[in-house]
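Please keep the sequence and the structure in view while reading.

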Amino acid sequence: MLEYRYDTQLLIEGHGLDEDEIFDYISGHFAGDSLLAVGDEDLIKIHFHTNEPWKILEYGRSLGEIFDVVVEDMDRQSRGLKG
């Protein structure tokens, strides 16, 4: 059993985005691991393992437009099923 089940990925398009601030906010407010927040002031890619992917999507949407959203169930994948 995985501690954090959902591999959550998305792109955030906005203005004045700061990857370090986004990384710190997610780290401080959401349970999970394997966090990546990379990009520039107009586009950030988020990768995060969590049990509550909808919270990450809501946060991303508060910063700008979100797209290329992927949420994969890593527990299902580990059992050879579609994630």
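A salt bridge is taken here as a side-chain nitrogen of Lys or Arg within 4 Å of a carboxyl oxygen of Asp or Glu. By this rule the count comes to 4 salt bridges. The model is predicted, with local features requiring pLDDT of at least 70 and side-chain atom pairs counting only at pLDDT 80 or more, while totals for chains, interfaces and linings use all residues. Residues are numbered from 1 along each chain as its sequence is written, and side-chain values use heavy atoms, with hydrogens and water left out.

One of these salt bridges joins Asp73 to Arg5, with 2.9 Å between the closest N and O atoms. Asp73 lies in strand 4 (residues 65-73) and Arg5 in the segment before strand 1 (6-13), so that the pair links distant parts of the chain, 68 residues apart; helices (H or I, at least four residues) and strands (E, at least two) are DSSP runs, numbered from the N terminus. Accessibility is classed as buried under 20% relative accessible area, exposed over 50%, and partly exposed in between (1.4 Å probe, protein chains only). Asp73 is buried at 6%, whereas Arg5 is partly exposed at 24%.

Arg5 also forms a salt bridge with Asp75, at an N to O distance of 3.6 Å. This pair likewise links distant parts of the chain: Asp75 belongs to helix 3 (residues 74-78), and the two partners are 70 residues apart. Asp75 is buried, its relative accessible area being 12%. A further salt bridge connects Asp75 with Arg79 (3.2 Å, N to O). Through shared partners, Arg5, Asp73, Asp75 and Arg79 are joined into one network. Within it, Arg79 is partly exposed, with 48% relative accessibility.

Glu13, Asp40, Glu41, Asp42 and Glu65 form a negative surface patch. Such a patch is made of residues with over 30% relative accessible area and no salt bridge, like charges being joined within 9 Å; Asp and Glu count as negative, and the place of a charge is CG of Asp or CD of Glu. Areas come from the Shrake-Rupley method with a 1.4 Å probe. Asp40 sits in the loop between strand 2 (33-39) and strand 3 (43-50), and is partly exposed at 45%.

How values were computed:
Patch = residues over 30% accessible without salt bridge, like charges linked within 9 Å, V, L, I, M, F, W, Y side chains within 5 Å.
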